[in-house]
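Good morning, and thank you for coming. Please take a moment to look at the sequence and the model on the screen.

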Amino acid sequence: MRLPDDEDMLDIDFPLGDGSAETEATVYCPYCNETVEIAIDPSGGSAQEYVEDCQVCCQPWTVSVEYRQDGSASVSITPLDE
Ligand SMILES: [Zn+2]
């Protein structure tokens, strides 16, 4: 999944990028209240924040991902316009 020009990502010393960390999470959309499965990427680091659109209603979220040492992920969704 890594692109050749992703050197910044590869520089991060993060031990969970070996396939044992969670790669998907179930979240509730704050706009439409649907349950949505999203893909998360452990190679992005232990703490990540990015914008993603809801797959159901297409409203933008701010997604916050935190990986714990055991590879489990804590994911929270907030509306982008908040
Ligand atoms: Zn939605």
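Before that, two remarks on the source. Residues are numbered from 1 along each chain, as its sequence is written. The model is predicted: local features need pLDDT of at least 70, side-chain atom pairs count only at pLDDT 80 or more, and totals for chains, interfaces and linings use all residues.

In which order do its three strands lie? The order is 3-4-5, in an open sheet with antiparallel pairing. Strands here are DSSP runs of type E with at least two residues, numbered from the N terminus, and two strands pair if DSSP finds at least two bridges between them. Why is one side of strand 3 and of strand 5 left without a neighbour in the sheet? Strand 3 (47-53) and strand 5 (73-79) stand at the edges, and each has a single partner strand, so one side of each has no neighbour there. From one strand to the next, the twist averages 25°; such angles run from 0 to 180 degrees between the N-to-C directions of axes, which are lines fitted to C-alpha atoms.

Next, the pairing of strand 3 with strand 4. Strand 4 covers residues 60-67, and seven bridges join strand 3 to it in antiparallel fashion. Ala-47 has Glu-66 in strand 4 as its bridge partner, while Glu-52 stands opposite Trp-61. The two strands form a hairpin with six residues between them, and in the turn Cys-58 has a positive phi of about 65°.

Strand 4 also pairs with strand 5. Seven bridges join these antiparallel strands, and Val-63 stands opposite Ile-77. Their hairpin has five residues between the strands, with Gly-71 taking a positive phi near 95°.

Finally, consider Val-75, which is found in strand 5 and is the bridge partner of Val-65. Val-75 counts as partly exposed because it has 17 C-beta neighbours inside 10 Å. By this count, 20 or more other C-beta atoms within 10 Å make a residue buried, 12 or fewer make it exposed, and partly exposed lies in between, with C-beta atoms placed from the backbone. Leaving aside neighbours within four places in sequence, Val-75 is in contact with Ala-25, Val-27, Ile-40, Val-63 and Val-65, where contact requires C-beta atoms, placed from the backbone, within 7 Å.

Key:
Helices (H or I, at least four residues) and strands (E, at least two) are DSSP runs, numbered from the N terminus. Two residues are in contact if their C-beta atoms, placed from the backbone, lie within 7 Å.
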